[in-house]
Amino acid sequence: MSDPGSAPSRRGFLGWFLGTSVGAMCASILYPVARYISPPEVPEAQTSRVVAGKVGELKPNEGKIFRFGNLPGLLIRTEDGGYRAVSATCTHLNCTVQFRGDLKQIRCACHNGYYDLTGKNVSGPPPRPLDQFQVNVAGDDIVVSKT
Amino acid sequence: MRNSRLLLRSAPGWWLLLAVPAVVLLALLGAVHAAAAEPQHLAPGGPRPLETSCVSCHAQLDDALLEPTRHTGDDIHFLKGLSCHDCHGGNPAAGADGDPEAAHDRKLGWTGKPVRGQVPAFCARCHADAAFMKRFNPHTRIDQYSEYRTSVHGRRNAEGDERAAVCVDCHGVHSIRAVSDPRSPVYPTRVAETCGTCHADENRMRHYSLATTQYAEYRKSVHARALYEGGDTSAPTCNDCHGSHGAVPPGVENVAAVCGSCHGREATLFRETEAKLKLDLTPCIQCMVCHGNHAVSPPTDGMVGVGADSTCTGCHVEEDKGYKAAVRMADSIHGLVERLREASDRLDLAERAGVEVGPDRFALQEARDQLVEARVLVHSFDLERFLIAAQKGIAAADAGVAAGKRAAAELRTRRAGLGLSLVIIVAVIIALALKVREVDRKPAT
Amino acid sequence: MSPATPGPVPRLMAWIEERTGLSVLGELARKKRVPRHRHTFWYYLGGMTLFLFGIQVGTGILLLLYYRPSASEAFESVQFIMTRVPFGWLIRSIHSWSANLLVLAAFVHMFSVFFLKAYRKPRELTWLSGALLLFLMLAFGFSGYLLPWNTLAFFATQVGTQVAGAVPLVGPFMLRLLRGGDQVTGGTLTRFYGMHVAVLPALATVLVGAHLLLVQKHGMSVPPAVEKRRSESGGAPLSMPFFPNFLLRDLIGWVAALGILAALAALFPWELGTKADPFAPAPAGIRPEWYFAWMFQTLKLLPSHILGLEGEMLGVLGFGAGALMLLLVPFLDRAGEAPGRWDRLLLACGWAVVAFMAVMTLIVYLPAEG
């Protein structure tokens, strides 16, 4: 410190150190921001609509479970080739219901509850129908939306 | 007889119950039918029943003779437009003219209070008359009386047992309400209590050498919990298993059919195994051997296997085939439950730390469904079939565990990033501090 | 201007200078000096508050890229930000954490200015703009809390707006105005959103500008106690240049704050909770943001009726009076007229308020652990 000759080099080092570290800090701020503003894989939050499957994935008289938010939905292809979608949570005790092609009904195996293909409770303990969703075919996608 | 029993069991209980007041109604109407010339006002829309002289006179009497007039506002018969004389006969017009003797003329069909043993027939005069009942409700049932005749209550009644239950014991007398009315003694949440008034009474049951513990046991059962605490009126109460008007104890051979009306998968699997093995399993493994009857408790995983709570070891002895199968089933279920818990815990942990696990949590639902399936498949007593579901579930749960580990890895990456940026920030702070020292040393100009 | 220096950058600078005269600012910065004494530390809090406000503006703008202000989508869009957008968790957590630190810094700034008596003539308007800014920050906090549309925020907002309804005469109108109807609904959300991202920022921009301008104009205030001691000892007042000495120190604080924010966001990401369901019963333990907790607790402890008046109404009136007193602090301090007694009274009031807020806040948070 008392040596005046070392002052310029120390100042040089300090300048370098300050520049580098501030530069690194800016980079560590800008990197997340740049990643944040670049478009994410899925462009928007899926809220009231979701792609439940692809056209051709289901044969007539088949059903599949899909994810709608955090709850399961049931997509059914009817015998005439049309699509229907209902909530797959049984209205009795929240078991997941399934499509029974042989009976052409939706069934909850937990307590033998039956619903028809529109989700109406037909027999057994379910106290009310399953929620119905709207189905649209957009290109190759089967889009289910809450009405 | 057998047909009607089956009908009883397959029909949802509430439906039967709903029909009961209608039957009583029919019977009351039938009384008029039988005893007097058909009154013209019996179709809905006739003169208002409260205006009859029966009500106006009895309202000034005491005690038992006054009591019926208190219920003219809540009894379904009154609400449907019927009045006292439609069941009890008599001539209210004469009463209105100030002649009580003429009003109570037995020749004009006045019956007075029916004898207790005659009550079912009294009610059935209307309630078993299809043409009559359909005036009030085209869907109403009219088989309650014939069912009653098949029941133990009805058979005893026919034998002249005055103590045997008749219509009014369950439905009440002059304040009969629709079964859908929560104040009705036969509304689902009140059925057990109503049956219990006799069946839990030692004095009454002593005569028949019947146990009186059913009501207390039922109140402890999983069914009662669903009904009273869960408010699920579809949960079974007495009549859902025993029938309403045709109340009988289910025979041993019918227990599975009774339980199977709601627990259909279990019953089907049970029957399939029976058929496959060409065995009659009925006497040794009916539902109640493992699950009990009135006090049926929520099933536990411990019931499968050979542990302390095992229900298998009641019949299977060590090293027989069933014993070995029980051990494997128990191991699989416990393995699946354990993995599910682990996966769920890991995902919870990651979620609390801010990592998205929604899709993984959803995928875990598959493992839960397979666990339910495996638990159901225990009732096939078919190890291979059971193992298919159990292994699917274990695979799904393992995937959940793996997802939890991935989420934890993501969390570690975040922390590493934080560590790196903190190092940089500390460096900047040091550099700035050095710079401050430098500029401070410069003399102020 | 000098023909010997034709570099492109200086030429551009000169061109700009000729048209704007901005060098005045540089001149001001160079001349500006910050007094040095044992209370200098408190001078950094204003800068810290400003820095955190800047963070809020930056992260707030980033959040706007993905946020959707409607009852059906708000929660999902925040969830989307937290889970699907790269570093979305970081941006949102920093926004939430920084909001809290900002309110904290603003409160500490306010109290330090109060106790150091920096509001004295000619700085009355500086104090006034600062106090208004504090209210604005609270309004930012209150409106922003609802935006994720989660259960806790929904019910906290219901309670918070209910309090506004207790104001005499205009209460019911204010409640409807705040909620955009009789109930907290999606309409309330849109309203709060508009407040949070348009109305409040516009007001804040004006007030922050005015506040900074006034600070710049009057320089830093030296506490009277320090001044007195110095005049007694007869020493020359110590000071340091604002640029770069003070600003560099400011920067150290800001960078440290950035580090703390990053650590908080990474280690304790702001929770999202569950989506608000207007028809669900209120969950146990609804509680406003911590900086409103003391008011919440006060209202809870007030008896339902005091002297025949509604307790809650009196409480709300009390807070209103308190806010007014806060604004009027510079005019209440009449040290010139009666030195000593007024001084001590005002200081005692200040400490009483601090103690009251601390105790009420503690009451809210301590039993939760027991």
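Hi everyone, and thanks for coming. What we have here is a predicted model, in which local features need pLDDT of at least 70, side-chain atom pairs count only at pLDDT 80 or more, and totals for chains, interfaces and linings use all residues. As for names, residues are numbered from 1 along each chain as its sequence is written, while chains are lettered from A and ligands numbered from 1 in the order in which they are written.

Let's begin with chain A and its strands. Helices (H or I, at least four residues) and strands (E, at least two) are DSSP runs, numbered from the N terminus. I call two strands paired if DSSP finds at least two bridges between them.

Strand S3 of chain A, residues 71-77, pairs with strand S4 of chain A, residues 83-87, in the antiparallel sense, and five bridges hold that pairing. If you want a spot to look at, find A:Leu75, which stands opposite A:Ala85 in S4(A). The hairpin of S3(A) and S4(A) has five residues between the strands, and A:Gly81 there takes a positive phi near 95°.

Now, stay on A:Ala85 for a moment. Which residue is its bridge partner in S9(A)? It is A:Phe133. S4(A) runs antiparallel to strand S9 of chain A, residues 132-138, and two bridges join them. A:Val86 also has a residue opposite in S9(A), namely A:Gln132.

The hairpin of S9(A) and S10(A) has two residues between the strands, with A:Gly139 taking a positive phi near 65°.

Chain A also has an open sheet of four strands, in the order S5-S6-S7-S8, with antiparallel pairing. Its edge strands are S5 (98-100) and S8 (121-123) of chain A, each pairing on one side only. On average, neighbouring strands of this sheet are turned by 40° against each other, direction ignored; axes are lines fitted to C-alpha atoms, for helices over the stretch in contact, and angles run from 0 to 180 degrees between N-to-C directions. Within the sheet, strand S6 (residues 105-108) and strand S7 (residues 113-115) of chain A run antiparallel and are joined by three bridges. A:Cys108 stands opposite A:Gly113 in S7(A).

On to chain B. How many helices and strands does chain B have? There are 24 helices and zero strands. Of its 445 residues, 40% count as buried, meaning 20 or more other C-beta atoms within 10 Å of a residue's own, where 12 or fewer is exposed, in between is partly exposed, and C-beta atoms are placed from the backbone.

B:Pro249 counts as partly exposed because it has 13 C-beta neighbours inside 10 Å. B:Ser151 is 98 residues away from B:Pro249 in sequence, yet their C-alpha atoms are 9.3 Å apart in space.

Next, the contacts between chains. I count two residues as in contact if their C-beta atoms, placed from the backbone, lie within 7 Å. On that basis, 18 residues of chain A are in contact with 20 residues of chain B. Helix H1 of chain A, residues 7-37, gives the most to the side of chain A that touches chain B, with eight residues. That side divides into eleven nonpolar, six polar and one charged, where Ala, Val, Leu, Ile, Met, Phe, Trp, Tyr, Cys and Pro count as nonpolar, Asp, Glu, Lys and Arg as charged, and the others, Gly among them, as polar.

Chain B also meets chain C, with 19 residues of chain B in contact with 18 residues of chain C. Helix H24 of chain B, residues 383-441, gives the most to the chain B side, with 14 residues.

Last stop, chain C, which has 14 helices and four strands. Buried residues make up 32% of its 370 residues. Among contacts in chain C between residues at least 6 apart in sequence, 77% join residues at least 24 apart. And that's my tour, so over to you.
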